[in-house]
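Visitor: Please show me the model, and then let us go through it by question and answer.

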Amino acid sequence: MRLTVAAPDLSRLPSGRSAESYGRDPQDWNPFSEPKGQRPLVAYAREQAVLHGFLAEVGPLGGHMDQLTRDDGPDAPGVIVVDPWAVRDAELRESLRRVCRLASRPLPIVVWNMKDEQTARAETELRALLREAIPERPGVPVAAHITSLAAFDRDLPRIFTTALTIYSRSNRLRPEYPLARPRLTAEQDD
């Protein structure tokens, strides 16, 4: 399972955005930072992936672009954990748009902390930018919207299963060589 994080780091925060939930790397992002000392959000996702039998590869969106946009499709099932503020960064927004317009896109999860006053005030603008970056398409699941850490933990198993289903439908889980058809009767020598 590829867990990709689409969030700014401290060096790329949108103008006026509080640095409280961010770190030096996108993987440090934790929108539910109260109480202090909680782990980054992706740590919870990695833990859930392992609990459900997935080997989890974690990294920022920019670091996974080659694997996500391969001509023959992604090389693993995937989930993109999206900070709604990521779409305020033109480069992150374009990367999301590029990945999410693919037929075999990873499953996007947009994580909202509506207790964050800045997020609550910017919700309308952020949702409009998200619709542009993560378009709804027939036959392709829309972005899941998560609003609490408890919901994130609760919904991840279903999200991982959906991501695996999307990946398997793209024919990536096929044997390299065709299997021989089983015979129902023994062959007889003539």
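Visitor: Which residue is the bridge partner of Val5 in E2?
Guide: This is a predicted model, in which local features need pLDDT of at least 70, side-chain atom pairs count only at pLDDT 80 or more, and totals for chains, interfaces and linings use all residues. Residues are numbered from 1 along each chain as its sequence is written, and side-chain values use heavy atoms, without hydrogens and water. Strand E1 (residues 2–6) runs parallel to E2 and is joined to E2 by 4 bridges; strands are DSSP runs of E, at least two residues, numbered from the N terminus, and helices are runs of H or I, at least four. Two strands pair if DSSP finds at least two bridges between them, and the partner of Val5 in E2 is Pro60.

Visitor: What is the order of the strands in the open sheet?
Guide: The sheet holds 5 strands with parallel pairing. Its edge strands, E2 (57–60) and E5 (144–146), each pair on one side only. The order is E2-E1-E3-E4-E5.

Visitor: How are H1 and H5 oriented to each other?
Guide: The axes of H1 (residues 41–51) and H5 come within 10 Å and cross at roughly 40°. Axes are lines fitted to C-alpha atoms, for helices over the stretch in contact (heavy atoms within 4.5 Å), with angles from 0 to 180 degrees between N-to-C directions. Angles under 35 degrees count as roughly parallel, over 145 as roughly antiparallel, 65 to 115 as roughly perpendicular and the rest as oblique. H1 and H5 are therefore oblique.
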